[in-house]
Amino acid sequence: MLRTLLIDVGKALYLFSGLMGLAAILTWMERKQSALMQDRVGANRARIFGLRLLGLPHIITDAVKLLTKEDFVPAGVPTWLHALAPWVTLTVACLPAAAIPFGHVLPWGGQAIELQLMDMQVGLVYALAIASMAIYGVILAGWVTRNKWAVLGSLRAAAQLIGFGVVLGISLIGPVLLYGTLNLQEMVHWQDTTVLHGWLPRWGIFFQPLAFLVFLTVGIAETKRIPFDLPEGESEIIGYFLEYSGMKFGAFFLADFIETVVVAMLTVTVFLGGWSVPYLSADQGGFVWPWGAHTAVPPAGVALLQMAAFWVKVFAVCWLLLLIRWTLPRFRIDQAVRLGWQYLLPLSVLNTFGTAAVLLIVGQ
Amino acid sequence: MKYWWYRFYYTTRGVLWPLWVGLVNLFRRPVTIQYPHEKPRLFPRSRMMLYNDIDNCIGCLQCARVCPVDCIAIETVKADKDLGVTNTGHKKKLYVTIFDIDEAKCCYCNLCTEVCPTECLVMTPNFEGSVYDRYNLILRFAKITPEERAEILRKAGGKTAGVTGILARKA
């Protein structure tokens with residue numbers, strides 16, 4: 001009993017420290033990658049004992065700055081509601097990660113630890129349901145601060161998140177039909193093999209490229225970041241967290257990065273083979289290369305490789321999301337809503353019917 | 001429907017092409033110059049702060065006359081002894097008692113260095129002209145001290161020549 005509890009706490013600590021840590025690193029990557037893309041140097045002023053460390057100490061200086069700033073609450077606003085909104089946003093941003101499998105099994109003291117926080121049959125639905133709740137924090141933040149611009153920002157957020165939330169669900173029906181399951185761990189198992197005589201990993205992206213593109217686009221929209229940052233639009237169109245300062249603002253800011261990581265995790269799990277390493281098979285006890293060679297790997301090594309592969313893939317997708325974020329300009333609200341309803345929704349419905357038709361013809 | 005496809009094509013192209021450009025630039029070297037730690041490499045004939053090599057100055061006043069913003073102030077007194085010649089062989093007939101350039105006024109047009117017959121007035125590559133008091137931007141090139149100047153003026157009976165604007169009156 002205690003052992004199970006400790007294992008669960010350990011898994012939760014591992015996953016969420018990885019999630020928060022990656023989100024914190026993304027705040028640094030955001031600056032550094034944008035600087036490199038624009039042929040600049042980027043953040044490099046903060047130092048620890050004279051070490052610049054490529055500007056990594058800026059993560060700490062940011063946190064110190066946000067924590068020591070004045071926490072301003074507008075007059076006539078219930079303080080507890082004002083404080084609730086960032087925490088709703090932050091919590092809801094973190095929770096979908098609980099359904100994500102971050103590894104297969106880890107052999108530990110003669111016992112196999114399932115590397116997933118909640119092994120649910122409806123893991124995907126759970127993740128999407130929690131992700132759709134992000135709207136509550138946003139609406140609360142806009143509404144409670146009694147600022148008409150903040151309210152307008154949160155209404156834009158509502159229009160955007162609801163519109164794209166629909167597409168988010170429908171775009172994943174194609175992969176779900178293909179895998180025949182809503183369980184995220186089983187989805188990864190389906191992808192943890194190869195096709196084309198062992199040359200190509202059986203990843204969802206190769207079978208559902210359209211769904212991948214639509215899901216990634218909608219995922220960016222769900223994170224409320226550029227090019228879909230009309231709910232926020234910090235300096236130009238004023239977002240829903242206008243009346244927040246200090247660490248409460250930091251919570252909203254961090255929630256965006258956490259959502260980015262969570263979207264990357266979902267993308268990896270559904271389309272990029274999750275924790276599966278290409279050509280590595282736990283049943284065969286090592287790598288089975290396409291040309292017939294075999295490299296033996298001990299079971300613990302297999303488990304660690306898979307755990308590492310998950311984070312590597314998540315990091316790669318985060319990198320891609322940042323690349324997109326620093327490339328495209330912001331959509332207008334009408335453009336964003338039209339993109340959601342007129343382009344992505346028909347495309348995802350088309351993908352659903354196409355996948356269903358193909359599966360019907362092929363006969364599973 | 002044709003319009004739908006038109007927009008679809010241009011949107012897709014407009015997303016993918018910038019992504020490619022961003023990706024290419026990601027692997028380029030930064031163009032930033034970390035200024036206080038490294039200085040920019042200037043072009044050979046950059047026009048920066050002026051410098052006058054007063055030993056070669058004959059006090060001909062051409063620079064002060066050509067200056068479009070009147071930032072050069074010169075006062076000369078007829079020499080009562082042989083002052084020698086400049087590097088270019090011009091005979092120095094005048095004491096240059098005041099040679100002030102107000103860099104705050106200077107428009108860096110390079111006209112003064114063009115007309116200088118002895119090439120003693122030049123533009124240096126020094127561009128770091130920030131000072132706490134703007135009067136510190138008045139560069140005083142004359143080597144003659146105020147005491148020596150008073151002595152020279154007394155001997156010459158107060159007869160001076162030159163282009164002395166507001167600067168010289170302040171000096």
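Modeller: The conversation below goes through the contact between the chains, the salt bridges, the cores and some backbone details.

Colleague: What kind of model is it, and how are things numbered?

Modeller: This is a predicted model, in which local features need pLDDT of at least 70 and side-chain atom pairs count only at pLDDT 80 or more, while totals for chains, interfaces and linings use all residues. Residues are numbered from 1 along each chain as its sequence is written, chains are lettered from A and ligands numbered from 1 in the order in which they are written, and side-chain values use heavy atoms, with hydrogens and water left out.

Colleague: How many residues of chain A and chain B are in contact?

Modeller: On chain A there are 17 residues in contact with 18 residues of chain B, where contact means heavy atoms within 4.5 Å. The two chains bury about 1600 Å² between them, 64% of it on carbon and sulfur atoms. Buried area is the accessible area (1.4 Å probe) that two parts lose on being put together, summed over both.

Colleague: And how many salt bridges are there between chain A and chain B?

Modeller: The count is 0 salt bridges between chain A and chain B; a salt bridge is a side-chain nitrogen of Lys or Arg within 4 Å of a carboxyl oxygen of Asp or Glu.

Colleague: Which elements of chain A touch chain B?

Modeller: Helix 1 (2-37), helix 12 (299-325) and helix 13 (333-362) of chain A each give two or more residues to that side. Helix 13 of chain A gives the most, with 4 residues. Helices here are DSSP runs (H or I, at least four residues), numbered from the N terminus.

Colleague: Let us change topic. How many salt bridges are found over all chains?

Modeller: A search of the whole structure finds 14 salt bridges. In general, side chains of opposite charge can pair when their charged atoms come close.

Colleague: Which residue forms a salt bridge with Lys11(A)?

Modeller: Asp8(A) does, with the closest N and O atoms 3.9 Å apart. Lys11(A) counts as buried at 11% relative accessibility, whereas Asp8(A) is partly exposed at 36%. Buried means under 20% relative accessible area, exposed over 50%, and partly exposed in between (1.4 Å probe, protein chains only).

Colleague: Which residue meets Glu30(A) in a salt bridge?

Modeller: Glu30(A) meets Arg325(A), at 3.2 Å from N to O. This pair links distant parts of the chain, with Glu30(A) in helix 1 and Arg325(A) in helix 12 of chain A, 295 residues apart. Both Glu30(A) and Arg325(A) are buried. Glu30(A), Arg225(A) and Arg325(A) are linked in a network of salt bridges.

Colleague: What about the nonpolar core? Which residues touch the most other members?

Modeller: In the largest nonpolar core, which has 86 residues, Val261(A), Met265(A), Phe310(A) and Val314(A) touch the most other members. The largest share of this core, 13 residues, comes from helix 11 of chain A. A nonpolar core is a set of buried Ala, Val, Leu, Ile, Met, Phe, Trp, Tyr and Cys residues joined through side-chain atoms within 4.5 Å.

Colleague: What is Phe310(A) in contact with?

Modeller: Leaving aside neighbours within four places in sequence, the contacts of Phe310(A) include Ile100(A), Phe102(A), Met265(A) and Trp275(A). There is also a second, separate core of 20 residues, with Cys67(B) and Phe141(B) among them.

Colleague: Now the backbone. Which peptide bond is cis, with omega near 5°?

Modeller: The bond from Ile226(A) to Pro227(A) is cis, and Pro227(A) is found in the loop between helix 10 and helix 11 of chain A. Most residues other than glycine have a negative phi, and most peptide bonds are trans.

Colleague: Where is Leu54(A), and what is its phi?

Modeller: Leu54(A) lies in the loop between helix 1 and helix 2 (58-68) of chain A. Its phi is positive, about 60°, although Leu54(A) is not a glycine. Leu54(A) is exposed, with a relative accessible area of 60%.

Colleague: And Arg146(A): buried or exposed?

Modeller: Arg146(A) counts as exposed, at 64% relative accessibility. Its phi is also a positive value, near 55°, and Arg146(A) is placed in the loop between helix 5 (134-144) and helix 6 (148-171) of chain A.
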